Amino acid sequence: TRTPVRGVLIGTFVTMLIQSSSATTVMTVSFVHVGLMTLQQAVGVIMGANVGTTMTAQVIAFKLNAYALPLIGIGMFLALFGKSKKQRYIGNGIVGFGLLFLGMKTMEDSMSFLRGRQDLFLSFSSNPMLGVLAGTVVTMVVQSSAATIGLTIAMAAQGLFGLDVALPIVLGDNIGTTITAGLASFGSNRSAKQAAAAHVMFNIIGVTWALLTLPLFQSIVMVTAKDVSHQLANAHTLFNILNTLFFLPFTAPFARLIQWILPSSESATP
């Protein structure tokens, strides 16, 4: 993570593998706490984690529900009867993907009763801030942006609301997921708290510019796909890539800004 670009690539790759930006940011905060990484290095990894986590939404959008049970069966067979540890680990991973799609099907079926109550979502379309707030709160409660995005995609696929309602909720997910790193920084030194604060500010600033350009952003997202599931997955990916590209040239000034907001005499050594 010697350079910001390397940090972004590492954060993206690790998060794509473990399918959890929260886990990546918690590890990053911990590394800053013990002095293995500087704040500037951590900012790059955190930006990459935001990009890497969008892979989950892309997988969910493909709606491979029909393959859920076969995947679970194949995965369980490998996990139980695999001859090597590698085969058993691969089996566990396949089971995880199968359960992901099974969960999506369960959520879609359970949300069908709301089809006749679109009036519940009218306030979200007239006030995007309510959508951002809803996405933030739900993600803070479940501590998983992937779960909230999956739920949003499931509800949109049922026709409960359109892209105009779902987009602010997806944006709010990005703010809500920062709570995990914030909780991880409790009891840590000031450097770790600065890393957690960088994650929060990075996403809040990003959501702010996305809201200010929401009509333009929505029109771009609509061009990327025809169905709302892929549009939402693409919106999540596009937002995090654009936000990272915007911040990448200013990694060092951004780190200094965080250190100015949360000053500390402590210094982490790379």
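Colleague: In which helix does His 199 lie?

Modeller: In this predicted model, His 199 is part of helix H12, which covers residues 190-212.

Colleague: Why is His 199 called buried?

Modeller: The term requires a relative accessible area under 20%. His 199 has 2%, and therefore it counts as buried.

Colleague: With which residues is His 199 in contact, leaving aside its neighbours within four places in sequence?

Modeller: With that exclusion, His 199 is in contact with Thr 25, Ile 46 and Asn 50, and also with Thr 177, Thr 178 and Ala 181.

Colleague: Let us turn to helix H10. What makes Leu 167 a buried residue?

Modeller: Leu 167 has its place in helix H10. Its relative accessibility is 1%, so the residue counts as buried. Beyond its neighbours within four places in sequence, Leu 167 is in contact with Leu 214, Phe 217, Gln 218, Leu 232 and Ala 235.

Colleague: Why does Gly 176 count as buried?

Modeller: Gly 176 also lies in helix H10. Its relative accessibility is 0%, which meets the requirement of under 20%, and so it is classed as buried.

Colleague: Which residues does Gly 176 touch, not counting those up to four places away in sequence?

Modeller: Gly 176 touches Thr 136, Thr 139 and Met 140 on that count. From Gly 176 to Gln 143, the C-alpha distance is 7.5 Å, across 33 residues of sequence.

Colleague: What makes H9 roughly antiparallel to H10?

Modeller: The axes of H9 (residues 145-157) and H10 (residues 163-176) cross at roughly 170° and come within 9 Å. Angles over 145 degrees count as roughly antiparallel, and therefore H9 is described in that way relative to H10.

Colleague: Which residues meet where H9 and H10 are in contact?

Modeller: H9 contributes Ser 145, Thr 148, Ile 149 and Thr 152, while H10 contributes Ala 166, Ile 169, Val 170 and Asp 173. By class, the residues of this contact comprise four nonpolar, three polar and one charged.

Colleague: Where is the place of Thr 53, and why is Thr 53 called buried?

Modeller: Thr 53 is in the loop between helix H3 (39-52) and H4. Its relative accessible area is 7%; the cut-off is under 20%, so Thr 53 is buried. Not counting residues up to four places away in sequence, Thr 53 touches Thr 15, Ser 21, Ser 145 and His 236. The C-alpha atoms of Thr 53 and Phe 247 are separated by 18 Å, and the two residues are 194 apart along the chain.

Colleague: How do you know that Gln 58 counts as buried?

Modeller: Gln 58 lies in helix H4, residues 54-61. Its relative accessibility is 17%, which is under 20%, and therefore the residue counts as buried. Apart from its neighbours within four places in sequence, Gln 58 is in contact with Ala 233, Asn 234 and Thr 237. Gln 58 and Leu 163 are 16 Å apart, C-alpha to C-alpha, and 105 residues apart in sequence.

Colleague: What of the chain as a whole: how do you know that its radius of gyration agrees with that of a compact globule?

Modeller: For 270 residues, a compact globule would have a radius of gyration near 18 Å; the chain has 19 Å, so the two agree. Along the principal axes, the C-alpha atoms fill a box of roughly 55 × 55 × 30 Å.

Colleague: How many helices and strands does the secondary structure of the chain come to?

Modeller: There are 15 helices and zero strands.

Technical notes:
Residues numbered from 1 in each chain as written. Predicted model: local features only at pLDDT ≥ 70, side-chain atom pairs only at ≥ 80, totals over all residues. Heavy atoms only, no water. Axes fitted to C-alpha atoms, helices over the stretch in contact; angles between N-to-C directions. Helix = DSSP H or I, 4+ residues; strand = E, 2+ residues; numbered from the N terminus. Parallel < 35°, antiparallel > 145°, perpendicular 65-115°, else oblique. Contact = heavy atoms within 4.5 Å. Nonpolar A, V, L, I, M, F, W, Y, C, P; charged D, E, K, R; others polar. Rg over C-alpha atoms; globule rule 2.2 N^0.38 Å. Buried < 20%, exposed > 50% of the residue type's maximum accessible area, 1.4 Å probe, protein only.
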